[in-house]
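Student: I'd like a close look at the side-chain packing inside this one. Please take me through it slowly.

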Amino acid sequence: MSARACSLTGRTLVANAFHAPECGSVDYLPDIAITVDADGVIEHVSRDIPDDAVYLPQGQYLLPGLVDLHVHAPQFPQLGSALDAPLEDWLQTYTFPLEAKYSDTGFARETYDALIDHMLRCGTTTALHFATVHLPATKILADLCINKGQRALIGKVAMDHPETCPQYYRDPDADTAIAQTRALIEYINAHPHNGAGRVLPVITPRFVPACTDACLHGLGQLAAETGTRVQTHVSESDWEHAHVRTRTGLSDTEALDHFGLLREYTVLAHANFLSGTDMDLIAQRGGGIAHCPWSNIYFANAVFPLREALARGLRVGLGTDISGGPIGTIWEAARMSVAAARLLDSGTDPDRAPELRGRAGARISMETAFHLATRGGAKALGLHVGAFVPGMRFDAIAIDPAAPAGQIVSIGDTPPLQMLEKIIYGATKANVATVWTDGALRVA
């Protein structure tokens, strides 16, 4: 029986599968039988195939669903545009005016509906979403993720600083930002259709420059009280990094820790200018990094030292940063994570001698990129997804390398690991044949 158009809850799927439970290596699982229980949890993984098994169509491969650790959901309409300005100008001139439009719940519903459809169609089964300051629109985003089946963490953005946020787009004060964040936490946790907890709230100060000390302290206290995860930006650009140092006398990381926002499963986006001390503090607190290699090119003016972060024990996953860059899929983020690391390793200035041009030992492999795009991102969030292991939830995608509109080139027999490499470097939306979360069919 074909799995192309059926739910897999309470069934066994037989497939040629790839996963990367550990960083730096990939397991190929040919003709593996994965049994999913009635709740969407992987019950067994074995070579024993029951008579009523469902088979993935010939030529397709099963991968864990992709995890996007950094999405600005309201910025979807400007994806691929407004990329020619420094970060602070980009925010004030383009991004804040766009995000202000989400006071219109009709506009919010239309845009968020299109975004979640796009992400699922591309194979992104888990996403960490920044929304806007608007509580009603953020509730709509949560409703859509619940209804459409994307595993998601959703945060109402908190930004109340009158000196860095425009009057037309900010929380009126710290108390309002904190109260509405609490209201979103309660709304998502009590949602009648979210009993499985596939969608979670996340406390979301935009970044230190956008928030007053009162707001940051209050959000830190709310995180401690409720146990809710935290997401924000850290040391993204020279401007942000310097702004926080000048204002607080601390590094961006140290400031977040001071306010109680650096916690277990806190996800920090970008992190290009972290010191070794900063990295060690994040690892100590159990936080993680959303590595956004494409948007770093446009707004960070630096390459995140990914290999060093992994060596220091940080949890790292990948982010598209829709729309702080030109990409809309984790496939593209995975490719650029490899390329950016190579650029850091080899350097870019041809006037320098080769031995002085880069940072030796900074490269990562395709296998590492695959891990970051799946299990690595899930580990940063503390979620039981991203690998085909008993006890994990069955979030998965079927890839058709031969899809007519796809860009994967495979002529003749291709060895399995070479096929995975072709998938990582060549897959597009057209190659994603089927998508499941919790074993339920989402895209076919």
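Tutor: Start with phenylalanine 388 and phenylalanine 394, which are both buried (under 20% relative accessible area; over 50% is exposed and in between is partly exposed, with a 1.4 Å probe and protein chains only). Keep in mind that this is a predicted model, where local features need pLDDT of at least 70, side-chain atom pairs count only at pLDDT 80 or more, and totals for chains, interfaces and linings use all residues. Residues are numbered from 1 along each chain as its sequence is written, and side-chain values use heavy atoms, leaving out hydrogens and water.

There are nine aromatic pairs in the structure (Phe, Tyr or six-membered Trp rings with centres within 6.5 Å; planes under 30 degrees apart are stacked, over 60 edge-to-face, the rest tilted). Phenylalanine 388 and phenylalanine 394 have ring centres 6.1 Å apart and planes at 35°, so that pair is tilted. Elsewhere, Phe18, Tyr28 and Tyr61 are joined by ring pairs into a cluster.

Now for the nonpolar cores (buried Ala, Val, Leu, Ile, Met, Phe, Trp, Tyr and Cys joined through side-chain atoms within 4.5 Å). The largest has 91 residues, and Leu63, Ile289, Trp331 and Ile423 touch the most other members. Helix H3 (residues 135-148) gives this core its largest share, eight residues; helices here are DSSP runs of H or I, at least four residues, and strands are E runs of at least two, numbered from the N terminus. Apart from that core lies another, of 18 residues, including Ile34 and Trp436.

Finally, zoom in on isoleucine 423: leaving aside residues up to four places away in sequence, isoleucine 423 touches Tyr61, Leu63, Trp331, Arg335, Ile399 and Ile408, where contact means heavy atoms within 4.5 Å.
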